Amino acid sequence: MTRTGPRAATTDRTASAAPTTERRPGRSGAGTPPSKLTFRGGRRWEAARRQLVPWLFLAPALIIFALFKFIPLVRMVEMSGNQVRPFLGDIYVGSDNYEQVVSDEVFQEAIWHTIYLAIGTTIGALVLGLVLALVLEGQLMHLWFVRSAVFLPVVAAMAVVAEVWRILYHPSEDGAINSIIGLLGFGPEPFLGSADQSLNSVMVVGIWKGAPYDMMIFLAGLAGVDRALYEAASVDGASVWRRLWHVTFPALRPVFAILLTLAAIRGLRVFTEVFLLTNGGPDGSSEVLMTLIYKLGLERSGELGVASAGSVVLLTATATLTVIVQVLRRRGAAK
Amino acid sequence: MSARTGVDTALGLDTKRGPLAILAKTILYGALIFIFAGPLIAILIGAFIPVADPTKLTLFPDDLTLDNFRRAIERDVFLYLLNSFIVVGFGLLFQVLVSILAAYALARKKFVGSTLVMLAFLATMMLPEEVLAIPLSLVLADVPVIHAHLIGSLTGMIVPVVAWGFSILVMTEFMKDIPIELEEAARIDGAGELRIFWSVVLPLCRPALGVIGIFGFAMIWDQYMLPLLVATDNEQFTLPLALRTLRTDEEVGVGVLLAASLLALLPSVVAFLAFQRSFLRGLTSGAVKG
């Protein structure tokens, strides 16, 4: 990224830039502590200024975060306890929305699908990513080329990925994927059009997009393995498999932990690919929490409250997961 | 040294050099490229061939045509592309600006509440965007204090994106490593806070700027749910959003979708290839350092 050109100091910060001192001759003042430099008011002004300046730098971020992250969060929690009726005023319903989230069948299905999809995509991408990393490890130029090609799915926008996979999954026997599996003798499958296959078809796309990302992280981890250990194992006559198991994998444990957290969070919040591939699939067979919440949120007929309750549940799950993994990591590292 | 089982890589595949091994490896690499890059190459090819329906998509074209693009242009694809560039351009600009200012304070200043603020920014990374999207859209309809109505405008897509904990995190970590002596020397020479920030600390942050730049670009370009909720009219769609409306066409069938998809794909791929080093540095340092 090229550096942005010089910009005129924004007006609310010129005040802090203004009180500068007269130039000291050469470097003779090199040992002078900053507080001795003269400002209007002297030392007390300097101390106050020192506490204030950081907040000026932080101000834009704080304002934006407050307005567009924290306030919506508060609103969401607020709405989750109400039956939201735009224009008519909200009615407080306590935990009714939450009860609905927990007991309603549609919600239960969506929760189950979300968890299933999250676990499947996470594990699939992790395993495939590890295999890719092991196979494509190395410094040679052609390996770099293959790795870059393999990494492209990560770079592509999800909408693009979803649209092209929709085409690939075309259910007729001339559809791209069906043509390929047809060569192997398998019949044309409906994929996204079937209630049985829709969720798994979405999962494949998620794994396809996620595995190269995990691969890159594993590669970084693999690069950090002490080659002397490989030497030693080799001298001892250990097979490649034993070497993997006793040297490589243990060294990759922290990487596993990080990837698991990231993937789990990614999995729970899945929206775009499901929305575009199946929009909940035939008969809600691939409905996930976020697509359900979206549907509820759009119908401005009092369902916003329930949608918000669902969101809070999702959020709590995500936060809990993150915290648990962090705690486990700390404990693991301390051993 | 690597003659035995090979010690440069975990599997030691680099030592397998016989003709059979080379053949096997070539087939393997070919398969991997086909699986992972194949669909994207299919978009590239599909955009330039007549693809009346999805079954006509192929990697071995008989016939080249520009009709898909002609139709895409007739259906406003340049407008969507422009919207995307506006949102990403301004979004990234402000995101980087806000992040580097905040990072400067967090990394190099000791002040009351700095830990709390840092934690607050980090905590937002646990809030998935999709989950906040609906309440966010309500806030955008009537922004507190300034009472702006940002729904139905690109501004509504730009402003929320500016708040991103990841870029603050990366910049803060990086800025922490800049030696304090440089700052002290500048201060003694009479430089004010802003000058130190702009001329001393920032130029040393180029690698980190590269990382947040490229990741910010990808993140904003990829945005889906927020722009979906903000747009009230097709004219406000960014290109990824518009793809859904281009799924079929009376004249060129699914070809128009492929042409538009290619246009939606190219900026990300170009950015990746041009800034690969930044991409990879960001991936590995951010994730592995934990």
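**Figure 1. Confidence along chain B of the predicted model.** Within chain B, helix α12 (residues 239-242) has the highest confidence, at 96, and helix α14 (residues 276-289) the lowest, at a mean of 65. Where pLDDT is low, the predicted coordinates should not be read in detail. For the complex, the predictor gives a pTM of 0.85 and an ipTM of 0.89. This is a predicted model, in which local features need pLDDT of at least 70, side-chain atom pairs count only at pLDDT 80 or more, and totals for chains, interfaces and linings use all residues. Residues are numbered from 1 along each chain as its sequence is written, and chains are lettered from A and ligands numbered from 1 in the order in which they are written.

**Figure 2. Helices of chain B.** Chain B contains 14 helices and zero strands (DSSP runs numbered from the N terminus: helices, H or I, at least four residues; strands, E, at least two). Of its 290 residues, 47% count as buried (20 or more other C-beta atoms within 10 Å of the residue's own; exposed is 12 or fewer, partly exposed in between; C-beta atoms are placed from the backbone).

**Figure 3. Surroundings of I293(A).** I293(A) lies in helix α13 (residues 289-298) of chain A. I293(A) counts as buried because it has 28 C-beta neighbours inside 10 Å. Beyond neighbours within four places in sequence, I293(A) is in contact (C-beta atoms, placed from the backbone, within 7 Å) with A307(A), G310(A), S311(A) and, from chain B, I134(B).

Conventions:
Two residues are in contact if their C-beta atoms, placed from the backbone, lie within 7 Å. pLDDT is the predictor's confidence in each residue, from 0 to 100.
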